[in-house]
Amino acid sequence: MRSELQGIRVVHAATCANMLTAFDRVLARKLIEQGAELHLLASSLVIYGRAPDIEDLRSLGGTPHTVALPAGVHPWASFKATIAIYRLFREIKPDIVHTRGSVMGAVGRLAARLARVPHVVHHQDDLHARETRLSSPLRWLVARVESFLSRLSDKNFFVSGAVQSDAIRQGFRAGDSVMVGHDLSDWVAAELATDGPRAASPTALTRQHGFNPEHFVVGCISRLEAHKGIDVLIRAAAEVCSEFDEVRFFIRGNGPERNALQQLIRDLRLEERVVLVHDWLDQEGLADLMRSFDLFALPTRREGFGMVFAEAMAFGVVPVGPDIAPVNEVISPGAGLLVEPTVQGFVDAIRQCVSDRQRLAEMSSTARKFAQERWGGTAAADRVVAVYHELFAQNV
C-alpha cells in the first residue's frame, strides 16, 4: 500500500462549486499534504443564484476547471457536458475521480468510465428516492436509476447511517458502501478554537433590517427548496410573534422557493418580524450571522445529513429540527430539540426556548462541546483518504 499519494491525480467534481469549497476543504488539504495533484471541476453556470468563484476553488490548493452543466434534468445539456467532461478527463488522465451531488454524480461518473479512469468514487449525500412527496411508482423508478448509477462507482461514500441503510435496501452493493460522515468546515472549526460561545449580538446585516440586542433571534440558513420546509417555519413564526414581542426571525437563503416564501411572509403580514434575504455571504459573513442567532430552526422534510444543525451547535446556537432520520443522528439530546415536523411542533419548541433562557444557555454549552467532540477533527477526510489508499493498493 502506498503510504503517500505522491503524483496521484485526483479530480473532485460537483455541479455547484460551493459544494466543493464548503465540504471538501479539509479533504483537499489532506490530499495536497500527501502529494496528490488535485483538480476541481464544477459547473460554469449560475447555481443557487451564484456563479462559481474560481479564486475560491483555487484556494483549495488545486487547479479549477468548469463546464456548462445545469442543475436538474436537462438531457441535451447534460449530454454535451458529459462529452466535455470526458475530453477533460482524457486530457488530465486522473487516477481517481470523486464526484458529489446527483447531477455531477451521474454525468461525471459516466464520463469517467468512458475515459477509463482507474478509480471512481461518489459522495452520496442523500437519495432522491427518499423524497416522500414523490408517488410510489416514481420513487421506485428513481431508486432503480440511483442504484444503477451506484454501479459506476468503485465506492459510494455516505454521510449518515440512515441514507446508507436506505441505499443498500434499494440495491447499492453493501461492500462498496462506506460510511464516512462529515468534518466541520474551516469557518466553523475556527469558531471552536475560540474561548467559548458568545452572547448573540446583531451584525451589520441584521442591523440594517432593524434588529437590536433586545431581540430574540430565531435564525435559519438554508437553500430555499420545497423539501427544506421553510414554509413551516414562517407559519410557526406567525404564532410565535403573536405571543412574544421580542422575537424576530431571520432566514438567509436562495433557491426556487424564494418568491413563494416572500409572498407567504406578506400574506401573513410578517414583514416587520420575519426577514428573508438572499445576500451571498462569505465564510466570515456566515460566521457573523450564525453568532447573531439565539436559536436555530429548520423544519426540513428530508436531509442527507443536516450539516447546518452541526454548524449551529459548534457556534453554541441550539438547533430545533424535525425528529426524522438522519437529523436525529446529528442533534444530540441536551444539545438541541427534536420535534414533530409540524407548525405546532416548532411553535412549542421555540416558545420553550424563549421562555426558559437558563435552560437555553445550558443546552448551548452542551451543543458546542458535542460538536467539538464529534465533528471537530478530520475523521471523515481520514476515512476517504484510507479508501483511496485501499483502491490504489489493489493495483499494486
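## The Arg50–Asp53 pair

Arg50 and Asp53 are joined through their side chains by a salt bridge with an N to O distance of 3.2 Å, the term standing for a side-chain nitrogen of Lys or Arg within 4 Å of a carboxyl oxygen of Asp or Glu. Arg50 has a relative accessibility of 22% and counts as partly exposed, and Asp53, at 27%, is likewise partly exposed; buried here means under 20% relative accessible area, exposed over 50%, and partly exposed in between, with a 1.4 Å probe and protein chains only.

## Basis of the values

The model is predicted, and local features need pLDDT of at least 70, while side-chain atom pairs count only at pLDDT 80 or more and totals for chains, interfaces and linings use all residues. Residues are numbered from 1 along each chain as its sequence is written, and side-chain values rest on heavy atoms, with hydrogens and water left out.

## Other salt bridges

The structure contains 26 salt bridges. One of them links Arg9 to Glu37, with the closest N and O atoms 3.6 Å apart. Because Arg9 belongs to strand E1 (residues 9-14) and Glu37 to strand E2, this pair ties together parts that lie 28 residues apart in sequence; strands (E, at least two residues) and helices (H or I, at least four) are DSSP runs, numbered from the N terminus. Arg9 is partly exposed, with a relative accessible area of 31%, and Glu37 is partly exposed at 36% relative accessibility.

Another salt bridge pairs Arg58 with Glu55, where the closest N and O atoms are 2.5 Å apart. Both residues sit in helix H3 (residues 54-58), three residues apart, which means that about one helical turn separates them. Arg58, at 40% relative accessibility, is partly exposed, whereas Glu55, at 53%, counts as exposed. Elsewhere, salt bridges that share partners connect Asp126, Arg130, Glu131, Arg133, Asp166, Arg169 and Arg302 into one network.

## Surroundings of Ser43

Ser43 is part of strand E2 (residues 37-43), and with a relative accessibility of 1% Ser43 counts as buried. The side chain of Ser43 reaches the backbone oxygen of Leu69 at 2.6 Å, a polar contact being a pair of N or O atoms within 3.5 Å; within protein, one atom must be able to donate a hydrogen and the other to accept it, and residues adjacent in sequence count only if both atoms are side-chain atoms.

Leaving aside residues up to four places away in sequence, Ser43 touches Ala14, Thr15, Pro52, Thr66, Val67, Ala68 and Leu69, where contact means heavy atoms within 4.5 Å.
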